[in-house]
Amino acid sequence: MAELAGLEDPKARAVNEKHGDDHGVNLGKLRAVAKRLKTQPELARELWDTQDTAARLLALLICRPKAFGRDELDAMLRGARTPKVHDWFVNYVVKKNPHAQELRVAWFADPDPVVASAGWALTTERVAKRPEGLDLPGLLDFIEAEMKDAPDRLQWAMNHCLAQIGIEHPEHRARAIAIGERLEVLKDYPTSPGCTSPFAPAWIAEMVRRSAPPAA
């Protein structure tokens, strides 16, 4: 904890706080600490229990993802309220855990929009990597009906799923683009030069363009 406190950077904290994250540690430096520590499940649990954001991010880098039980993961997600901890927890731990599919279904229908956003994130990965068994038209129906008025983090997760369906599944691409164009979610989101807009129609078009074979 003292080492993490020594890595605190006021400028980094100011930037992170704009995104809802209450820590000021450069993530590159945090990853360097994790690389030195390697996998240490017990230390990871102790760091998580501090409830300090930087400590929890470090915990997620040095834990053993498959070691957590279903109920433990559920409790951890509900306690992971800052965006970066939430994102890293879902991507670095839950996706590698054998309970991921069961939790995906449970979280997807949760009344808490932040918890539901985790269910959507896991669904988006299924859309891209293992779509068998998913009802893609049904997902599009749900997105079309609910995304416009969804809370921010849930809306972002649903929008990512919409874009992924359009990118990965040509048979649904036209409808995904049409939904994005009609709802206009994130259409005016500020995007840095060289970065892809999160507006689903633009996102889909750019990723499809990148994956197209070069012209002869």
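Let's begin at Gln-51, which sits in the loop between helix H4 (41-49) and helix H5 (53-62). Helices here are DSSP runs of H or I with at least four residues, strands are runs of E with at least two, and both are numbered from the N terminus. Before I go on, a word on the source: this is a predicted model, where local features need pLDDT of at least 70 and side-chain atom pairs count only at pLDDT 80 or more, while totals for chains, interfaces and linings use all residues. Residues are numbered from 1 along each chain as its sequence is written, and side-chain values use heavy atoms, with hydrogens and water left out.

Back to Gln-51, then. Its phi is near 65°, a positive value in a residue other than glycine. Is Gln-51 buried or exposed? Gln-51 is exposed, because its relative accessible area is 60%.

You'll find Glu-184 in the loop between H12 and H13. With a relative accessible area of 41%, Glu-184 is partly exposed.

Lys-187 belongs to that part of the chain too, in the loop between helix H12 (173-183) and helix H13 (200-211). Lys-187 is partly exposed, at a relative accessible area of 43%.

Now to the helix pairs, and I'll take H9 with H11. The axes of helix H9 (residues 113-129) and helix H11 (residues 152-168) come within 8 Å and cross at roughly 10°. An axis is a line fitted to C-alpha atoms, for helices over the stretch in contact, and angles run from 0 to 180 degrees between N-to-C directions. So H9 and H11 are roughly parallel to each other. For the angle classes, under 35 degrees counts as roughly parallel, over 145 as roughly antiparallel, 65 to 115 as roughly perpendicular, and the rest as oblique. On the H9 side, the residues that meet H11 include Trp-120, Thr-124 and Val-127, and among their partners in H11 are Met-158, Cys-161 and Ile-165. Contact means heavy atoms within 4.5 Å. By class, this contact of H9 with H11 has 11 nonpolar, five polar and two charged residues. Nonpolar covers Ala, Val, Leu, Ile, Met, Phe, Trp, Tyr, Cys and Pro; charged covers Asp, Glu, Lys and Arg; the others, Gly among them, are polar.

Next is H6 with H8. Helix H6 (residues 70-79) and helix H8 (residues 100-108) have axes that come within 11 Å and cross at roughly 45°. That angle is why H6 and H8 are oblique to each other. The crossing of H6 past H8 is right-handed; that word applies if the near helix is turned clockwise from the far one by less than a right angle, and left-handed if anticlockwise. Arg-70, Leu-73, Asp-74, Leu-77 and Arg-78 of H6 make the contact with Glu-102, Leu-103, Ala-106 and Trp-107 of H8. Those residues divide into five nonpolar, no polar and four charged.

And then H3 with H7. The axes of helix H3 (residues 27-37) and helix H7 (residues 83-93) come within 15 Å and cross at roughly 45°. H3 and H7 are therefore oblique to each other, and their crossing is right-handed. Here Leu-27, Leu-30 and Arg-31 in H3 meet Lys-84, Trp-88 and Tyr-92 in H7. The class count for H3 with H7 is four nonpolar, no polar and two charged residues.

Ile-167 is in helix H11 and is buried, with a relative accessible area of 16%. Which residues does Ile-167 touch, not counting those up to four places away in sequence? Ile-167 touches Arg-173, Trp-203, Ile-204, Met-207 and Val-208. Pro-137 lies in helix H10 (residues 136-146) and counts as partly exposed at 38% relative accessibility. With residues up to four places away in sequence left out, Pro-137 touches His-172 and Arg-175.

Finally, the cysteines. A search of the whole structure finds zero disulfides, a disulfide being a pair of cysteine sulfur atoms within 2.5 Å. Cys-161 counts as buried at 0% relative accessibility, whereas Cys-195 is partly exposed at 49%.

Notes: Buried means under 20% relative accessible area, exposed over 50%, partly exposed in between (1.4 Å probe, protein chains only).
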